[in-house]
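Hello,

I am handing over the structure we talked about. Please look through it first, then read my notes below.

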Amino acid sequence: MAEHFIIPDCQVKAGVPINHLTAAGNYCVEKQPDVIINLGDFWDMPSLSSYDKGTKKAEGRTYQEDIDAGIAGMKAFMQPIWDYNAKKKKNKEKQYRPRLVFLLGNHEERIMRHVNANPELDGKCSYDDLQLEEMGWEVYDFLEMVEIDGVTYSHYFANPNTGRPWGGVARTRLNNIGFSFTMGHQQGKDLAEKHLANGKTLRALIAGSFYQHDEDYKGYQGNQHFRGCIYKHEVENGDYNLMELSMKYLLNLDS
């Protein structure tokens, strides 16, 4: 049975702390999960935000600054794995080579929406700027689904009749979607499970926040939610044992 390490939305942008990403990388080196899944919205890309366009908040933001911030965050996560493997290679020992899965989120998708709105940028701005494949990640398009050990992963799951994200709590979404799934996109954490008469268990997991900073748009009362990663043990046929790794826990391990 496999082990999965889940990285929810990180919303990396210039000026926010990223030491929690190093802590997560160190944890992966210690536990060596078979698969590491990044649920997307790792890059925040505020320079391409349509919500802030034309406001004072948007002044001074640049595309390259956004790209560079996310790359720095990804390198902070990957560096412990790279350092571990460099040492193992030197000693001619087995290296740690997990499957790395990256699901592009709507914040990364801002890049292609911007290109579509400005055709002169075609070939000048693209997902290649993120350097994900160069760092060893399998990259899946926004809302593309990938099934791993019976769990289907995507940044979020959309109602096929509207194209909008399924709403409601995890239990409602599990009933609507109909298979074991894990998604990001929504801050905090929500989960549900459903036991079928044939012995199969369906699991829903929504986890959309792994960052230390507060989001201004959430206000004073909207930032008090779960922030952390998820570790799944014994993943098989869509079922698993779940362990929550809070921000505080990971940072304390790394201190």
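**Surface and overall build**

The protein has an accessible surface of about 12800 Å², and carbon and sulfur atoms hold 46% of it (Shrake-Rupley method, 1.4 Å probe; for residues, only the protein chains shown count as cover). This is a predicted model: local features need pLDDT of at least 70, side-chain atom pairs count only at pLDDT 80 or more, and totals for chains, interfaces and linings use all residues. Residues are numbered from 1 along each chain as its sequence is written, and side-chain values use heavy atoms, with hydrogens and water left out.

There are 5 helices and 11 strands (DSSP runs numbered from the N terminus: H or I of at least four residues for helices, E of at least two for strands). Of the 255 residues, 48% are buried (under 20% relative accessible area; exposed is over 50%, partly exposed in between; 1.4 Å probe, protein chains only).

**Cores**

The largest nonpolar core has 42 residues (a core is a set of buried Ala, Val, Leu, Ile, Met, Phe, Trp, Tyr and Cys residues joined through side-chain atoms within 4.5 Å). Phe5, Ile36, Trp43, Met74, Phe77, Trp137 and Phe210 have the most contacts inside it. Among the elements that each supply at least two residues are β1 (2-7), α1 (19-31) and β10 (228-236). The largest share, 9 residues, comes from α2. A second, separate core has 17 residues, including Ile6, Val151, Tyr153 and Phe226.

Trp43 is worth a look. Leaving aside residues up to four places away in sequence, Trp43 touches Gln11, Asp66, Met74, Phe102 and His107, among others (contact means heavy atoms within 4.5 Å). Ring pairs also join Trp43 in a cluster with Phe42, Phe77, Phe102 and Trp137.

**Rings and charges**

The structure holds 10 aromatic pairs (Phe, Tyr and Trp rings, six-membered for Trp, with centres within 6.5 Å; planes under 30 degrees apart are stacked, over 60 edge-to-face, the rest tilted). One of them is Phe157 with Phe179, edge-to-face, at 6.0 Å centre to centre and 70° between the planes. The two are 22 residues apart: Phe157 is in the loop between β6 (151-153) and α4 (170-177), Phe179 in the loop between α4 and β7 (181-183). Phe157 is buried, at 5% relative accessible area. Phe179 is partly exposed, at 30%.

Finally, Tyr240. The charged end of Arg203 sits over its ring, 4.3 Å from the centre. Lys232 lies over the face of Tyr240, also at 4.3 Å from the ring centre (NZ of Lys or CZ of Arg within 6 Å of the centre and within 35 degrees of the ring normal).

Best wishes
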